[in-house]
Amino acid sequence: FKGCNLAFEKMLGVSKHDVIGKSVFDLFPPDQAEEFRERELILLRRQGHQVYETMVASEGGFFHMVFHETTYKRADGSLAGLVGVALDLSERNNALNPISDSEKYINSILNSIQVGVVVVNAESDEIIDINDNALHELGLSKEDAVGRDFGEFVEGGADSVADVNESGREMVLVKSCGGKTNVISREAKTRVDDCDLLIRSFVSI
């Protein structure tokens, strides 16, 4: 760890100085640390963004957490590491408040990465949220994108995104101007307020 915020300190029941320079094996029980490390290694190998939920045991108690993690690069384009944001679902109403600091923090991270990220309803494929990179790729404003079927922007429609998974697959995005771009897309599942969501990330190739 190179740093953390106050919420992470409270969750672990330790100070920031006790976190910096440590690994997950220094801060969490062995089984939990192994799960975190395995997920981190997979993300570092494939690069991009991932979202997952898990129970966390620490000196601060037990927490039902959702983790948003994304890789980032150095100025020369080489992989530098990953940055993560953890939300405590026991305080879900506050965490999901549109004007909450947590959501603003997550959005600032998602909008800073060079990966398109789209959050859709798992049943309807309706776009719930979308980051700046994805908006740029599609040539849309956020107001024009939210509420529309993501399949509208994929060559072949909904059938073309039905088999996207964590391993990723190539597909063609159709921009609002009619132009097309080839991307590698990956998908992760999460559940918020009894609603199944899909986090779709993609990069141009």
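Let's start with aspartate 125. Aspartate 125 is buried, because its relative accessible area is 10% and the cut-off for buried is under 20%. Keep in mind that this is a predicted model.

Where does aspartate 125 sit? Look at the loop between S4 and strand S5, residues 127–130. Now check its backbone. Phi of aspartate 125 is positive, about 65 degrees, although the residue is not a glycine.

Next, step back to asparagine 121. Asparagine 121 belongs to strand S4, which covers residues 116–121. Is asparagine 121 buried or exposed? Buried: its relative accessible area is 17%. Again, that is under 20%, so the word applies.

What does its side chain reach? The side chain of asparagine 121 reaches the backbone nitrogen of glutamate 123, at 2.8 Å.

Last stop: glutamine 47. Glutamine 47 lies in the loop between helix H4, residues 30–46, and strand S1, residues 49–58. Its phi is near 65 degrees, again a positive value in a residue other than glycine. What about exposure? Glutamine 47 is partly exposed, because its relative accessible area of 29% falls between the 20% and 50% cut-offs.

To recap the loops. Aspartate 125 is in a loop and has a positive phi. Glutamine 47 is in a loop and has a positive phi. Aspartate 125 is buried, whereas glutamine 47 is partly exposed.

Methods
Residues numbered from 1 in each chain as written. Predicted model: local features only at pLDDT ≥ 70, side-chain atom pairs only at ≥ 80, totals over all residues. Heavy atoms only, no water. Helix = DSSP H or I, 4+ residues; strand = E, 2+ residues; numbered from the N terminus. Buried < 20%, exposed > 50% of the residue type's maximum accessible area, 1.4 Å probe, protein only. Polar contact = N/O pair within 3.5 Å; in protein donor to acceptor, adjacent residues only side chain to side chain.
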